[in-house]
Amino acid sequence: MQKIQKPHPDGGLWTGRKVAAWVSKETKTCVSHVTGWHYLRRLGFTIQVPRPSHAQAASIPERGIWKKNA
């Protein structure tokens with residue numbers, strides 16, 4: 001758990017594949033990437049990705065104009 005709390009050595013986020021590779025290396029057994037994902041979920045980690053904006057959303061200047069007129 002403490003190892004996963006820190007950033008991955010490559011600088012990216014921990015993924016199921018990275019957890020599985022680390023567990024495989026530490027335990028000298030074959031661990032599936034799905035099992036790595038289950039380990040992450042069991043530890044309380046979730047995907048943290050910003051929600052995409054709508055394709056037809058107003059730009060920032062247009063939002064400012066709307067706020068002034070509203």
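The model is predicted: local features need pLDDT of at least 70, side-chain atom pairs count only at pLDDT 80 or more, and totals for chains, interfaces and linings use all residues. Residues are numbered from 1 along each chain as its sequence is written, and side-chain values use heavy atoms, with hydrogens and water left out. The protein chain has four helices and zero strands. Its radius of gyration, taken over C-alpha atoms, is 20 Å, whereas a compact globule of 70 residues would be near 11 Å; that rule is 2.2 Å times the number of residues to the power 0.38.

**Overall fold**

- The elements run α-α-α-α from the N terminus on; helices (H or I, at least four residues) and strands (E, at least two) are DSSP runs, numbered from the N terminus.
- Along the principal axes, the C-alpha atoms fill a box of roughly 65 × 20 × 20 Å.
- Of the 70 residues in the protein chain, 16% are buried, where buried means under 20% relative accessible area, exposed over 50% and partly exposed in between (1.4 Å probe, protein chains only).
- Contacts (heavy atoms within 4.5 Å) between residues at least 6 apart in sequence include 22% that join residues at least 24 apart.

**Largest pocket**

- The largest pocket holds about 350 Å³ of space.
- It is lined by 16 residues, of which Leu-13, Trp-14, Phe-45, Thr-46 and Gln-48 are the closest to its centre.
- A pocket, on a 1 Å grid over the protein atoms alone, is an open set of points where a 1.4 Å probe fits, with protein on both sides within 12 Å along at least five of seven lines; lining residues have an atom within 4 Å of a point.
- Grid points are joined across faces, edges and corners, and the volume is the space filled by probe spheres set on the points.
- Helices α1 (2-5) and α3 (33-42) each supply at least two residues of the lining.
- The lining comprises nine nonpolar, six polar and one charged residue; Ala, Val, Leu, Ile, Met, Phe, Trp, Tyr, Cys and Pro count as nonpolar, Asp, Glu, Lys and Arg as charged, and the others, Gly among them, as polar.

**Loop between α1 and α2**

- His-8 lies in this loop and is buried, at 16% relative accessibility.
- Not counting residues up to four places away in sequence, His-8 touches Leu-13, Trp-14 and Lys-18.
- Gly-12 also belongs to the loop between α1 and α2 and is partly exposed, with a relative accessible area of 26%.
- The C-alpha atoms of Gly-12 and Thr-29 are separated by 24 Å, with the two residues 17 apart along the chain.

- Ser-24 sits in helix α2 (residues 16-27) and is buried, with a relative accessible area of 19%.
- The side chain of Ser-24 reaches the backbone oxygen of Thr-29 at 3.2 Å.
- Beyond its neighbours within four places in sequence, Ser-24 is in contact with Thr-29, Cys-30 and Val-31.
- Lys-28 is in the loop between α2 and α3 and is exposed, at 74% relative accessibility.
- Although not a glycine, Lys-28 has a positive phi of about 55°.

**Ends of α3**

- At the start of α3, a side-chain oxygen of Ser-32 reaches to within 3.1 Å of the backbone nitrogen of Val-34.
- Gly-44 follows α3 and has a positive phi, near 100°.

Methods:
Polar contact = N/O pair within 3.5 Å; in protein donor to acceptor, adjacent residues only side chain to side chain.
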